[in-house]
Amino acid sequence: QIIFVNDFFVEDIPAGGGELSTEALIKSSPLKLAKVHSKQVTLELLRDYQQLNRIFFNIANLDPNVIPTIASNINYSVVNYDYSFCKYRLIELHKEAEKKECDCANEFIGKLISTFVYQASSIWFMSEKQSEIWFERFPFLREKNWTVLSSIFDESFFVKFGELKKKLNDGEIKKNNKHLVLGSNSWIKGTNNAIAYCQQNNIEYEVLSSLSYEKTLEKLAESAGLVYLPLGGDTCPRLVIEAKLLGCDLVINQFVQHADEEWFSTNDAQDTVSYLYMARHRFWNGIKNVIEYNPSLSG
């Protein structure tokens, strides 16, 4: 009934934030669903399965020659994890690489991608700041059916979170004096900046890398804080959300784009959990409203 199109899935990048959010949506899907890598999308594939609805996520590997066909002939939705209108997918990285402000909105890639997003039945953003950056460049998108969604968590996260929170409350897990720093080779994650901050402020730290998702949550539960200083707009980093829910002090900057949103900035952790828990339902209710949905009797 529906096809998810993404550059990568959890099978490719098990710990990727976008991939984990996509997988959470897949696991909660009320529709029969298939995954397709964006690089596999061809005109023949679109023709053979034209009747199926599609949801596009990251599309850096999508052949740009098929985009006009998709926009003209397919019912689809778009989930924006980043800034695909920019050739670097990040306006700050564009400035870092070319020493000038991102002007992709006025170039072919910006016009192509904005048309693609405009033609979607529904548009989803990760944060309010992200949506505003899109709207500043493409104000006509405001008139469309768009929603701020946030990062998405699956059922296993809420079970694990509940277990860790209980252990913290019961004293089975005790906080140490260390702050965690995300170890990453990705420019946006700002690992070196975070390490430098800890060193300059005499903060005991540990670099977080090469752990399973479950072990990462356990490490957050026992750590005093998280230092996360991305170099560009990180639309809704789930590590920051997980750290706050597990009682970590946060050292973050203006590039953590969801930080000021009410569901996150509240002091009531249950409000945050409730908001995150309902995100999957908000998404699928929105999708079912824009597709031809005819469930079977048993469904």
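Predicted model: local features only at pLDDT ≥ 70, side-chain atom pairs only at ≥ 80, totals over all residues.
The largest cavity has a volume of about 70 Å³, a volume being the space filled by probe spheres set on the grid points, which are joined across faces, edges and corners. The largest cavity is lined by 13 residues, of which F57, I59, V79, N80 and S84 are the closest to its centre; lining residues have an atom within 4 Å of a point. This lining divides into 9 nonpolar, 3 polar and 1 charged, and at least two of its residues come from each of β4 (76-80) and α5 (108-118). Nonpolar covers Ala, Val, Leu, Ile, Met, Phe, Trp, Tyr, Cys and Pro, charged covers Asp, Glu, Lys and Arg, and polar covers the others, Gly among them.

Helices α7 (residues 155-170) and α9 (residues 213-222) pack at an angle of about 30°, with their axes 10 Å apart. The two helices are therefore roughly parallel to each other, a term for angles under 35 degrees. On the α7 side the contact (heavy atoms within 4.5 Å) is made by F157, K160, L164 and L168, and on the α9 side by Y213, E214, L217, E218 and A221. By class, this contact has 6 nonpolar, no polar and 3 charged residues.

Residues are numbered from 1 along each chain as its sequence is written. Local features need pLDDT of at least 70, side-chain atom pairs count only at pLDDT 80 or more, and totals for chains, interfaces and linings use all residues, while side-chain values use heavy atoms, with hydrogens and water left out.

Note on methods:
Axes fitted to C-alpha atoms, helices over the stretch in contact; angles between N-to-C directions. Helix = DSSP H or I, 4+ residues; strand = E, 2+ residues; numbered from the N terminus. Parallel < 35°, antiparallel > 145°, perpendicular 65-115°, else oblique. 1 Å grid on protein atoms, 1.4 Å probe; cavity = no way out; pocket = protein on both sides within 12 Å on 5 of 7 lines; lining within 4 Å.
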